[in-house]
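Me: I'd enjoy walking through a model with you, one question at a time. Could you have a look at what follows?

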Amino acid sequence: MIENEAYKTGLAVRRKVLGNAYVDKAMGNLSPFTEPLQQFVTEHAWGNVWTRPGLDLKTRSILNLGILIASNRPHELKIHLRGALNNGVTQEEMVEIFLQCGVYVGAPSAVESFKIAKEVFAEIEAEKAA
């Protein structure tokens, strides 16, 4: 990895939003094939976009949830649900986000979002109990 300033800043924000366990797992699975992707995502998405002034992390998380629902990206939605919780988005706000998306991108998207969120909430509760 080329650890320039954007990469270092991005890694710090990525850890803050997604948590150390997720980032450690992603970085622990690096290979010559996947390293360029991790470099790109950490540097550009997390280091250059998530750190821009103008939107706080909670607002960025709310946007991500809507975008991921609308683009039917359940794997990323699951990851960013945890990040949204870390950034202060409440379960009550998620209900409203999912319903809003349901109106504009379809009820199946809302149904899937509620299902995925319920799984994430259960995983988090199990982690707390362990």
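Me: Happy to have you along! Which residue forms a salt bridge with E5?

Reply: A word on the source: this is a predicted model, in which local features need pLDDT of at least 70, side-chain atom pairs count only at pLDDT 80 or more, and totals for chains, interfaces and linings use all residues. Residues are numbered from 1 along each chain as its sequence is written, and side-chain values use heavy atoms, with hydrogens and water left out. A salt bridge here is a side-chain nitrogen of Lys or Arg within 4 Å of a carboxyl oxygen of Asp or Glu. For E5 the closest N and O atoms are 4.0 Å apart, and the partner is K8.

Me: Thanks! In which helix do E5 and K8 both lie?

Reply: Helices are DSSP runs of H or I with at least four residues, numbered from the N terminus. E5 and K8 are 3 residues apart, about one turn of the helix, and both lie in α1.

Me: Is E5 buried or exposed?

Reply: Buried means under 20% relative accessible area, exposed over 50%, and partly exposed in between, with a 1.4 Å probe and protein chains only. K8 has 43%, so K8 is partly exposed. E5 stands at 57% relative accessibility and therefore counts as exposed.

Me: How far apart are the end C-alpha atoms of α1?

Reply: The expected span of a helix is 1.5 Å times one less than its number of residues. For the 14 residues of α1, residues 5-18, that should give 20 Å, and the model agrees: the end C-alpha atoms are separated by 20 Å.

Me: Which residue caps the N-terminal end of α1?

Reply: Look for a side-chain oxygen that lies 3.2 Å from the backbone nitrogen of A6. At the other end, α1 is followed by G19, with a positive phi near 95°. The N-terminal cap is N4.

Me: What covers the buried residues of α1?

Reply: The buried residues of α1 include Y7, L11, V13, R14 and V17. Contact means heavy atoms within 4.5 Å. The cover includes α2 (20-28), α3 (35-49), α4 (57-70) and α5 (74-86).

Me: How many salt bridges does a search of the whole structure find?

Reply: Side chains of opposite charge can pair when their charged atoms come close. The search of the whole structure finds 7.

Me: Which residue meets R82 in a salt bridge at 2.8 Å, N to O?

Reply: The side chain of R82 meets that of E127. R82 lies in α5 and E127 in α7 (residues 107-129), so the pair ties together parts 45 residues apart in sequence. K78, R82, E123 and E127 are linked in a network of salt bridges. The partner at 2.8 Å is E127.

Me: Which helix gives the largest share of the lining of the largest pocket?

Reply: On a 1 Å grid over the protein atoms alone, a pocket is an open set of points with protein on both sides within 12 Å along at least five of seven lines, and lining residues have an atom within 4 Å of a point. The largest pocket is lined by 19 residues, with V41, A45, W46, E76 and H80 nearest its centre. α1, α2, α3, α4 and α5 each supply at least two residues of that lining. The largest share, 6 residues, comes from α3.

Me: Which residues does F114 touch, not counting those up to four places away in sequence?

Reply: F114 is found in α7, and at 33% relative accessibility F114 counts as partly exposed. The C-alpha atoms of F114 and A45 are separated by 26 Å. Leaving out residues up to four places away in sequence, F114 touches V95, F98 and L99.

Me: Last one! Where is N72 placed?

Reply: Most residues other than glycine have a negative phi. N72 has a positive phi, near 55°. With a relative accessible area of 56%, N72 is exposed. Its place is in the loop between α4 and α5.

Key
Polar contact = N/O pair within 3.5 Å; in protein donor to acceptor, adjacent residues only side chain to side chain. 1 Å grid on protein atoms, 1.4 Å probe; cavity = no way out; pocket = protein on both sides within 12 Å on 5 of 7 lines; lining within 4 Å.
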